[in-house]
Amino acid sequence: MAKNKVYAFLGPHSSGKSTMVSQLMSMGIHYVPTITTKFFDDRYAYKRRLYRTVKPDEYAAEKFIVNNSYQGCSYGLRKEDVLQSYQQHKVSIMLMMDTEGIKQLSKFINQDLVTIFLMIDDVVFIDRLLRSGCSNDEIKYYVEYAEKNKEFDHWKETDFIVKNVSSPRVALEQILSIMGLVTLVPQADFDRLVK
């Protein structure tokens, strides 16, 4: 009997974590929400469906399996949400802020936790920040934060690496393959594809 799996996505700012998780959610894959004290302005409104923003006092009252801070805000995965997801869904996905969160989570679901790092290079990093409307000061902050916190080195502590520098579809196909969520094409269709 196949075990339930939890796939945790990690990567630096603008690596495409939210995009990939949103795509997987739209395919019906269960998502374990991240609780945060960060408020997402209209520029990042799409992240509001991935994160539940609460006031700091509400956050402090929760019981978390993963509890850490990122860029001055608190982020956590509620114990109840993680365990319920793990017990009720064959496949679940979640977002991680850093490798410390992975260490915390692995204490509970070590063998059934799969970590995927979304890798980007410096050029893509800056380009995505520019396209998202970041000011020069914001770009400088994100670059310095990533360097200081070694965000580009977190791949060393994950199970899989997906280079997300071109089309999001390419990265999504790789992720689906890692998750074992691909369908074999019938032989006749495959033969037509390779001709």
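Which residue forms a salt bridge with E62?

What we have here is a predicted model, where local features need pLDDT of at least 70 and side-chain atom pairs count only at pLDDT 80 or more, while totals for chains, interfaces and linings use all residues. Residues are numbered from 1 along each chain as its sequence is written, and side-chain values use heavy atoms, with hydrogens and water left out.

Back to the opening question. The partner of E62 is R78, and their closest N and O atoms are 3.5 Å apart. These two come from distant parts of the chain: R78 sits in strand β6, while E62 lies in the loop between α2 (56-61) and β5, 16 residues apart. When I say helix or strand, I mean a DSSP run, numbered from the N terminus: H or I over at least four residues for helices, E over at least two for strands.

Here is the general idea: side chains of opposite charge can pair when their charged atoms come close. Our rule for a salt bridge asks for a side-chain nitrogen of Lys or Arg within 4 Å of a carboxyl oxygen of Asp or Glu. By that rule, the count is nine salt bridges.

Are these residues buried or exposed? For relative accessible area, found with a 1.4 Å probe on protein chains only, buried means under 20%, exposed means over 50%, and partly exposed is in between. R78 is buried, at 15%, whereas E62 is partly exposed, at 32%. R78 also forms a salt bridge with D81, with 3.7 Å between the closest N and O atoms. D81 is buried too, with a relative accessibility of 13%. Through shared partners, salt bridges join R52, E62, R78, E80 and D81 into one network.

Another pair to look at is D42 and R48, whose side chains meet in a salt bridge at 3.2 Å, N to O. Here D42 is exposed, at 65% relative accessibility, and R48 is partly exposed, at 39%.

Now, the cysteines. C73 is buried at 17% relative accessible area, and C134 is buried at 8%.

Let's move on to the sheet. In general, strands of a sheet pair through backbone hydrogen bonds, either parallel or antiparallel. In this model, five strands form an open sheet in the order β2-β7-β1-β8-β9, and the pairing is parallel. The edge strands are β2 (30-31) and β9 (160-163), each pairing on one side only. We call two strands paired if DSSP finds at least two bridges between them. Strand β1 (residues 5-10) and strand β7 (residues 91-95) run parallel and are joined by five bridges. As an example to find on the screen, K5 has V91 as its bridge partner in β7.

Last topic: empty space. Rolling a probe the size of a water molecule over the atoms shows where empty space is left. We use a 1 Å grid over the protein atoms alone: a cavity is a set of points where a 1.4 Å probe fits but cannot get out, a pocket is an open set with protein on both sides within 12 Å along at least five of seven lines, and lining residues have an atom within 4 Å of a point. Grid points are joined across faces, edges and corners, and a volume is the space filled by probe spheres set on the points.

The largest pocket has a volume of about 600 Å³. It is lined by 31 residues, and the closest to its centre are H13, S14, Y44, Y46 and K47. Helix α1 (17-26) and helix α5 (122-131) each supply at least two lining residues, and α1 gives the most, with four.

As for cavities, the structure holds one of 30 Å³ or more. The largest cavity has a volume of about 50 Å³, and its lining includes T34, V66, Y75 and M97. Which strand gives the most to that lining? That would be β6, with three residues.
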